Amino acid sequence: MNDYKKLILLLFTSMIVLSACHNDKKSNDDSTKKIIAKGLYSFGPEIKSFTDCEERREYWVADSAKTLELAYNNLGFEKPYTPVYIEVECKLVKSDTTTVTGDYDSTMVVTKLLKISKQIPEGPCSQ
């Protein structure tokens with residue numbers, strides 16, 4: 001009978017651990033959901049910012065793909081911080097409040113550059 005109780009306890013403990021692992025994975029999947037963002041991007045020595053055209057929210061930008069900053073520089077601006085229109089695949093994460101990114105609600109982590117243009121389209125982005 002003692003072995004039976006140990007077996008039940010072991011099975012119960014295993015179910016709890018597996019359940020906790022499953023719930024952690026689900027919350028991680030939700031936080032890494034990729035979105036397509038369209039808006040204005042400004043880049044310079046101190047600021048990398050994105051303003052969403054529809055919601056007018058501003059985000060700090062982290063270029064994990066390492067293509068956005070290169071593409072911006074290849075446009076040949078004489079002065080930094082000139083806004084350009086971009087479309088990117090990205091995910092939004094909470095900004096670190098101990099750094100400059102703390103001035104922004106969220107950080108937009110760019111995973112793929114879809115479009116970059118000096119031409120800002122008519123509509124919400126041009127206002």
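Throughout these legends, buried means under 20% relative accessible area, exposed means over 50%, and partly exposed lies in between (1.4 Å probe, protein chains only). By that definition Lys66 is exposed, with a relative accessible area of 64%. The views show a predicted model, in which local features need pLDDT of at least 70 and side-chain atom pairs count only at pLDDT 80 or more, while totals for chains, interfaces and linings use all residues. Residues are numbered from 1 along each chain as its sequence is written, and side-chain values use heavy atoms, with hydrogens and water left out.

**View 1. Five strands close into a barrel.**
Welcome to the barrel: 5 strands close up in the order β1-β2-β3-β5-β4, with mixed pairing. From one strand to the next, the twist averages 55 degrees; axes here are lines fitted to C-alpha atoms, for helices over the stretch in contact, and angles run from 0 to 180 degrees between N-to-C directions. Helices (H or I, at least four residues) and strands (E, at least two) are DSSP runs, numbered from the N terminus. Two strands pair if DSSP finds at least two bridges between them.

**View 2. Strand β1 and its two antiparallel neighbours.**
On one side, β1 (residues 35–43) pairs with β4 (residues 84–94) in the antiparallel sense over 7 bridges. Look for Gly39, which stands opposite Ile86 in β4. β1 also pairs with β2 (residues 48–52), again antiparallel, over 5 bridges. Here Leu40 has Thr51 of β2 as its bridge partner. A hairpin of 4 residues carries the chain from β1 to β2.

**View 3. The parallel pair, β3 and β5.**
Strands β3 (residues 58–63) and β5 (residues 106–117) run in the parallel sense and share 4 bridges. Trp60 has Thr107 in β5 as its bridge partner. Ser106 also belongs to β5, and its relative accessibility of 16% is why Ser106 counts as buried. Leaving aside residues up to four places away in sequence, Ser106 touches Arg57, Tyr59, Trp60, Val93 and Ser95, where contact means heavy atoms within 4.5 Å.

Most residues other than glycine have a negative phi, and most peptide bonds are trans. Arg56 is not a glycine, yet has a positive phi of about 60 degrees. Arg56 sits in the loop between β2 and β3 and is partly exposed, with a relative accessible area of 41%. Tyr81, also not a glycine, has a positive phi of about 70 degrees. Tyr81 lies in the loop between α2 and β4 and counts as partly exposed at 31% relative accessibility. The C-alpha atoms of Lys66 and Val110 are separated by 8.5 Å, although the two residues are 44 places apart along the chain.

The structure holds 6 aromatic pairs. Rings of Phe, Tyr and Trp (its six-membered ring) pair if their centres lie within 6.5 Å; planes under 30 degrees apart count as stacked, over 60 as edge-to-face and the rest as tilted. One of the pairs, Phe43 with Tyr72, is edge-to-face, at 5.6 Å centre to centre and 70 degrees between the planes. Phe43 lies in β1 and Tyr72 in α2, so this pair ties together parts that are 29 residues apart in sequence. Phe43 counts as buried at 13% relative accessibility, and Tyr72 does too, at 3%. The rings of Phe50 and Tyr59 form a tilted pair because their planes are at 35 degrees, with centres 6.4 Å apart. Both Phe50 and Tyr59 are buried. Ring pairs also link Tyr41, Phe43, Tyr72 and Phe77 into a cluster. Over the face of Phe77 lies Lys118, at 5.1 Å from the ring centre; a charge sits over a ring if NZ of Lys or CZ of Arg is within 6 Å of the ring centre and within 35 degrees of the ring normal.

**View 4. The largest nonpolar core.**
A nonpolar core is a set of buried Ala, Val, Leu, Ile, Met, Phe, Trp, Tyr and Cys residues joined through side-chain atoms within 4.5 Å. The largest such core has 14 residues, of which Tyr41, Phe50, Val61, Ile86, Val88 and Met108 touch the most other members. The elements β1, β3, α2, β4 and β5 give two or more residues to this core, and β4 gives the most, with 4 residues. Val88 touches Ile35, Ile36, Ala37, Met108, Val110, Lys112, Leu113 and Leu114, not counting residues up to four places away in sequence.
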